[in-house]
Amino acid sequence: MSIFEWLKNSADKRPVAQESSSTAVRDIALRLSNLDPDHARWIAAFALVLARAARADLDISTEELREMQRIVRDIGGLPEDQAVLVAEMAAHRNELLGVTEDYLATREFKKVAAEGDAEKLLHCLFAVTAADDRISLVEEEEVRQVANELGVDHSEFTSIRATYREKREVLRGLEGRS
């Protein structure tokens, strides 16, 4: 089973959420009115955290946006047009609202996440940041910050990060050195 199937299958285990403290989460969740409101908040917070990592280097590349769209579609179970809308709204909101909203969306995700969702999100964050064939140090540090905010154990973080070793800019050029 792929990481994306694993995350999608955990959707039924998520706790019921209260009203969101994040305006960006609320705005995106409202666009998903055909979904259960708790699931819509989960997808909205999830997409905003993806955008947070993608924009850590102050730019969301076309490849990163496409990867966000694919992940939101596959994990959220959304039709292509809704996944595109959610990913683009998340990217746009991140650009407009920045750091404060990043923390609120991450806190919201932590509230609505089921056991194991945070670790699965980290895999998705690395997949998004690696979509342009590199994970910059600033992107890696942003994912580390998200892991800390979500309470993910450092050993779990490093295990997940190791999966993306070949994409990490900080390690490029070190192969073959003694």
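View 1. The model is predicted, with local features requiring pLDDT of at least 70 and side-chain atom pairs pLDDT 80 or more, whereas totals for chains, interfaces and linings use all residues. Residues are numbered from 1 along each chain as its sequence is written, and side-chain values use heavy atoms, without hydrogens and water. A pocket is an open set of points on a 1 Å grid over the protein atoms alone, where a 1.4 Å probe fits, with protein on both sides within 12 Å along at least five of seven lines; lining residues have an atom within 4 Å of a point.

**View 2. Lining of the largest pocket.** R52, R55, A56, L58, N94, G98, V99, D102, Y103 and E142 form the lining. Five residues come from α5, the element that gives the most; helices are DSSP runs (H or I, at least four residues) numbered from the N terminus.

**View 3. The largest nonpolar core holds 50 residues.** Such a core joins buried Ala, Val, Leu, Ile, Met, Phe, Trp, Tyr and Cys residues through side-chain atoms within 4.5 Å, buried meaning under 20% relative accessible area with a 1.4 Å probe, protein chains only. F46, L50, F109, L122 and L125 touch the most other members. The largest share, 13 residues, comes from α3.

**View 4. Surroundings of L50.** Leaving aside residues up to four places away in sequence, L50 touches M68, I71, V72, L121, C124, L125 and V128, a contact being heavy atoms within 4.5 Å.

Note on methods. Helices (H or I, at least four residues) and strands (E, at least two) are DSSP runs, numbered from the N terminus.
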